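Subject: Structure for you to look at

Hello,

The structure we talked about is below. Please look it over before reading the notes that follow.

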Amino acid sequence: MSALPRPAFGPGSRYTARAATTRTRTSPRHTDVATLSRRLTPRDMWLVRMLHEHHVLTTHQIARLAYTSQRSTQRRLRSLHQHAVLDSFRPLTASGTAPEHYTLGPAGAAVLASHAGLDVSALGWRPTNTGRIAYSPSLGHDLGVNDFLTRLAAHARTTPDAGLSLWLSERSAARRWGDIIRPDAYAHWQDGDHLLPFFLEYDTGSQPLPRVEAKLAAYAAFTTATSTRPALLIHTRTASRDQALRQRLADSARELGLNVATASADFTTTSPWGRWWAPLDRAGRRTTLAHLAAQWTDLSPASGLEPTDADTALTLPVPSLPPTQGRS
């Protein structure tokens, strides 16, 4: 079997083979959708929606957002897996053991579709869903995006006036703006009175520098077409890649009038909101996300965020944290 592309650092960096171990499941005890729906808590339903939106989350990422301990996380996730609300797999790694990776299971898809008044096929979910995710060459990249944003979202659990007030996946961003730009995510970082609306480009180093630079013209076209000005955050694998991008992009960002900042996983692993972000319009002095919002006074949220008649319960944004009821 051919090897999966590996990012050099962070989630997915140790994945070595196009294979995964899947957790066995005995016959679910509750397959009736109505019965199962009554057993699911508001937090469970939030998680079902999150996995539909963001495809895959690890045990650690789910615990970060929704639970108070790894033990309570694992206990509830095992129960949801047993009832086929969730599926899970563990990618092979070069050493050690990867955490459990959770995806939307068949019963979870059925419940979600039922609540939305749709057929399961309308979700885009298929029985091969978990296998496609487990074997996808983009798994490491997707996990990296989700790890970065779950850390930002979870910050609100200890700092109530800071966190993600909005988080759209790559798919949701493409649904809104795919004719112009295709960011890896779109989010709003709120810190006190400061709001930083931003597009995220999660750079693993797989694309040549000219291709990354070409994306700036598309973001400039977006700001012109929509008369809105979100920031652009570029998160790289390493400090050396960060430096190479900064040298390549600085002139283009200035000429196009874009608000762009970069950081790398060498710094942001545990606290991506911190003093790790260097704007391209300054001499490399790193600062916080809140300070970026304060100094970029011309920022505004992207257009196309208001619900329309074309939206359904499944296309509206999922809150980045679960309801407080039922969390333990």
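Which residues in H3 meet which residues in H7? Note first that this is a predicted model. On the H3 side they are Gln61, Arg64 and Leu65. On the H7 side they are Leu143, Asn146, Asp147, Thr150, Arg151, Ala153 and Ala154. Sorted by class, this contact has four nonpolar, three polar and three charged residues.

As for geometry, helix H3 (residues 59–66) packs with H7 at an angle of about 20°, and the axes are 9 Å apart. Angles under 35 degrees count as roughly parallel, so H3 and H7 are roughly parallel to each other. The crossing of H3 past H7 is left-handed.

**H3 and H4**

H3 also packs with helix H4 (residues 70–82), at an angle of about 110° and with axes 9 Å apart. The two helices, H3 and H4, are therefore roughly perpendicular to each other, and H3 passes H4 in a right-handed crossing. From H3, the residues in this contact are Thr59, His60, Ile62 and Ala63; from H4, they are Gln70, Thr73, Gln74 and Leu77. The class count here is three nonpolar, five polar and no charged residues.

**H2 and H3**

The axes of H2 and H3 come within 12 Å and cross at roughly 130°. H2 and H3 are therefore oblique to each other, and the crossing of H2 past H3 is right-handed. Arg43, Trp46, Leu47 and Met50 of H2 make the contact with Ile62, Leu65 and Ala66 of H3. By class there are six nonpolar residues, no polar ones and one charged residue in it.

**The largest pocket**

The largest pocket has a volume of about 820 Å³. Its lining is made up of 37 residues, and those nearest the centre are His141, Asp142, Glu170, Asp184 and Tyr202. The elements that give two or more residues to this lining are the helices H2 (42–54), H7 (139–154), H8 (170–177) and H9 (209–226), together with the strands S5 (162–169), S7 (194–202) and S8 (231–236). H9 gives the largest share, six residues. By class, the lining has 14 nonpolar, eleven polar and twelve charged residues.

Regards

Methods
Residues numbered from 1 in each chain as written. Predicted model: local features only at pLDDT ≥ 70, side-chain atom pairs only at ≥ 80, totals over all residues. Heavy atoms only, no water. 1 Å grid on protein atoms, 1.4 Å probe; cavity = no way out; pocket = protein on both sides within 12 Å on 5 of 7 lines; lining within 4 Å. Points joined across faces, edges and corners; volume = space filled by probe spheres on them. Helix = DSSP H or I, 4+ residues; strand = E, 2+ residues; numbered from the N terminus. Nonpolar A, V, L, I, M, F, W, Y, C, P; charged D, E, K, R; others polar. Axes fitted to C-alpha atoms, helices over the stretch in contact; angles between N-to-C directions. Parallel < 35°, antiparallel > 145°, perpendicular 65-115°, else oblique. Left-handed = near helix turned anticlockwise from the far one by under 90°. Contact = heavy atoms within 4.5 Å.
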